[in-house]
Amino acid sequence: MVSPSNEDPDTGRVLRLNLDRPRLSRTRAVQSCQQCRSRKVRCDRSKPQCRKCAAHHRPCLYVSEFEAQKAKTCDTPGRPTPASEPESGENLSEAVPIQQQGHLAKTDGVQTRYYSSASWQPSDIATEKINGVLQEAEVDQLISWYSQYCHFWYPVIDIAEVTTSLQNLRVHGAAPPGSLTLIMVICYTASRSAATLGTIKPQSLISSPSWGKLADRLLHSSDYPRRPKLNTIRAAFLLAAPSITEHKLAPDPGPVCILLRAAQSPGLHRDPGSFHLSSPEIEIRRLLWWSIYALDTSYSTAHAVPPLVHPASYDVAMLVDRGQLECKLLITRSRVNLVLSKVLHDIYGINQPTRQNIQFLDEEARSICADEMAALHQLQTTALERFISACQIMCCWKVIYILHQPYLRCLQWPQTSREKTLHACREYINLFLRGITDPDFEPYRWVLDHFNVRHACAIALQDLIQYPNTSESEGLRGLVEACFSNFSPRRSRLAKPGCTSLKGVGLKQMVLQSGSECPGGG
């Protein structure tokens with residue numbers, strides 16, 4: 001039965017009780033502890049701990065203590081706070097700048113990390129055997145060799161810093177994290193390049209493969225890739241670089257893939273200019289990132305797989321030419337690889353390319369190649385300067401023939417692509433032949449392993465098969481055979497005459513099935 005007080009005297013309707021009234025404020029102070037209050041049991045209010053909390057071994061907090069602890073937790077630096085509601089009139093499409101410095105933290109006193117983790121600590125291991133190796137003069141010779149004949153291709157090492165770390169390891173047995181691993185990898189890289197020329201004597205303390213195994217063990221003992229440091233990332237880069245060489249027909253993709261993930265941990269994919277770093281640190285991080293980027297692109301083109309680095313996944317600024325000879329080649333490779341990545345994505349990706357795509361990429365590639373070649377007209381006096389210039393031009397011709405080579409399997413491709421491709425292949429092969437025959441280039445000749453001349457030869461041979469009686473046929477045939485005949489002895493498995501030489505370019509099966517005569521006789 002409804003009370004008369006809830007009935008409207010005018011209409012006789014029953015009124016709803018007012019359940020939306022404001023909650024009455026509590027005037028009586030809370031005297032029970034928070035544990036008893038939350039469990040709705042009687043508290044004896046004993047301090048500092050009531051009997052029930054003491055009996056059940058629970059933390060006993062009263063109102064003042066509880067609020068103080070809660071306020072302290074909320075004020076902790078770095079603790080996320082609820083986002084405020086957008087104000088009226090805000091532009092929701094405007095980019096919101098993120099304070100990237102908040103992601104950086106010093107964890108080991110030396111290395112700056114993109115993601116902070118107090119548990120990441122250096123764990124380099126130096127055994128007595130390794131300490132004995134470090135005392136040998138051969139280590140100094142290999143570092144000197146690397147500085148003269150390898151650094152221009154891998155400009156990711158600070159030679160003065162490595163020399164200082166070596167002296168500290170010899171005298172004090174201590175150095176920055178990852179220094180021992182990096183020294184061993186430098187010795188491996190130098191011995192590997194020098195061994196191809198017979199420069200390292202047979203009675204050397206450690207052979208090139210042994211240097212590699214020792215460096216690999218030290219790299220994994222330093223908790224790479226779980227806890228990477230700049231030195232271990234440099235070491236991993238030098239160990240992964242040989243996997244892109246052309247004569248390695250069954251490469252291991254693991255080192256390159258893991259290297260890219262490890263490089264993202266210290267934030268190498270973010271431009272270091274947005275962090276609080278010194279100028280030398282900014283420069284070395286950019287050099288290291290663009291070297292890894294070049295490694296990924298080279299591996300992709302050498303083994304016909306998509307690149308791992310996507311343009312939207314990094315924002316590192318392009319390297320600036322400051323007149324340093326050791327950085328010139330990397331700057332050219334980085335600029336060319338930016339176009340090459342677009343070619344791999346737009347031409348060889350999952351989407352069918354359009355003529356507009358081809359025209360745009362062709363204009364961009366020719367523009368960069370023209371700029372690079374125009375900058376090479378200055379006087380070159382030393383053998384290294386001439387070799388670097390030859391490599392820079394080879395990089396330019398490479399992106400041209402990779403862009404236009406689909407004319408061999410697509411009749412709708414632009415008619416001018418054949419002429420551009422064959423011209424680029426001829427120039428590329430001629431420069432390669434110059435590199436392996438010029439005696440002044442002998443100390444740097446190992447770099448040519450990273451230039452896939454077989455790709456250009458394969459294009460020329462495929463053109464000979466599809467267009468056997470053209471004006472370019474004789475010149476192409478002689479050029480390719482000259483290239484095969486000039487392979488060094490360590491590539492002798494590819495230098496066999498006749499049809500067997502086609503194994504190196506993957507065309508033997510095609511020629512045998514078609515019954516065609518082998519190019520160049522045989």
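Cys391 is buried, with a relative accessible area of 0%. Buried here means under 20% relative accessible area, exposed means over 50%, and partly exposed lies in between (1.4 Å probe, protein chains only). The model is predicted, so local features need pLDDT of at least 70 and side-chain atom pairs count only at pLDDT 80 or more, while totals for chains, interfaces and linings use all residues. Residues are numbered from 1 along each chain as its sequence is written, and side-chain values use heavy atoms, with hydrogens and water left out.

The closest cysteine sulfur to that of Cys391 belongs to Cys395, 6.9 Å away, which is too far for a bond. A disulfide is a covalent bond between the sulfur atoms of two cysteines. The rule applied is a pair of cysteine sulfur atoms within 2.5 Å. By this rule the count of disulfides is zero. Cys425 is likewise in no disulfide, and the nearest cysteine sulfur, that of Cys457, is 8.5 Å away. Cys425 is buried, at a relative accessible area of 1%.

Cys457 lies in helix H16. Helices are DSSP runs (H or I, at least four residues), as are strands (E, at least two), and both are numbered from the N terminus. Helix H16 covers residues 453-466 and has 14 residues. From its first C-alpha to its last, H16 reaches 20 Å, close to the 20 Å expected at 1.5 Å a residue. The expected span is 1.5 Å times one less than the number of residues. Twelve of the 14 residues of H16 are buried, so the helix is largely enclosed by the rest of the structure. Among them are Val453, Arg454, His455, Asp463 and Leu464.

Aromatic contacts come next. A pair of aromatic rings is described by the distance of the centres and the angle of the planes. Rings of Phe, Tyr and Trp (its six-membered ring) pair if their centres lie within 6.5 Å; planes under 30 degrees apart count as stacked, over 60 as edge-to-face and the rest as tilted. By this rule there are 14 aromatic pairs. Trp290 and Tyr314 form one that is edge-to-face, at 5.8 Å centre to centre and 85° between the planes. This pair links distant parts of the chain. Trp290 sits in helix H11 (residues 279-303), and Tyr314 in the loop between H11 and helix H12 (325-346), 24 residues apart. Trp290 counts as buried at 1% relative accessibility. Tyr314 counts as buried at 13%.

Tyr401 and Tyr428 also pair edge-to-face, since their ring centres are 5.4 Å apart and their planes stand at 90°. Tyr401 lies in helix H14 (residues 383-404) and Tyr428 in helix H15 (residues 417-437), so the pair ties together parts that are 27 residues apart in sequence. Both tyrosines are buried. Ring pairs also link Trp145, Tyr149, Phe152, Phe387, Phe441 and Tyr444 into a cluster.

Charged groups also lie over rings. A charge sits over a ring if NZ of Lys or CZ of Arg is within 6 Å of the ring centre and within 35 degrees of the ring normal. Arg418 lies over the face of Tyr467, at 4.6 Å from the ring centre. Lys47 lies over the face of Tyr62, at 4.9 Å.

UniProt lists residues 32-62 as "domain: Zn(2)-C6 fungal-type", in an unreviewed entry. UniProt positions follow the numbering used here, feature names are shortened, and annotations may be inferred rather than shown by experiment. The end C-alpha atoms of residues 32-62 lie 7 Å apart. The span is 35% helix and 0% strand.

Side chains of opposite charge can pair when their charged atoms come close. A salt bridge is a side-chain nitrogen of Lys or Arg within 4 Å of a carboxyl oxygen of Asp or Glu. The structure holds 19 salt bridges. Arg227 and Asp223 meet in one of them (3.2 Å, N to O). Arg227 is partly exposed at 24%, whereas Asp223 is buried at 14%. Salt bridges link Asp223, Arg226 and Arg227 in a network.

Asp315 bridges to Arg270, with the closest N and O atoms 2.9 Å apart. That pair links distant parts of the chain, 45 residues apart. Asp315 is partly exposed, at 37%. Arg366 forms a salt bridge with Asp362 at 3.0 Å. Both lie in helix H13 (residues 355-374), four residues apart, about one turn of the helix. Arg366 counts as partly exposed at 44%, and Asp362 is buried at 7%.
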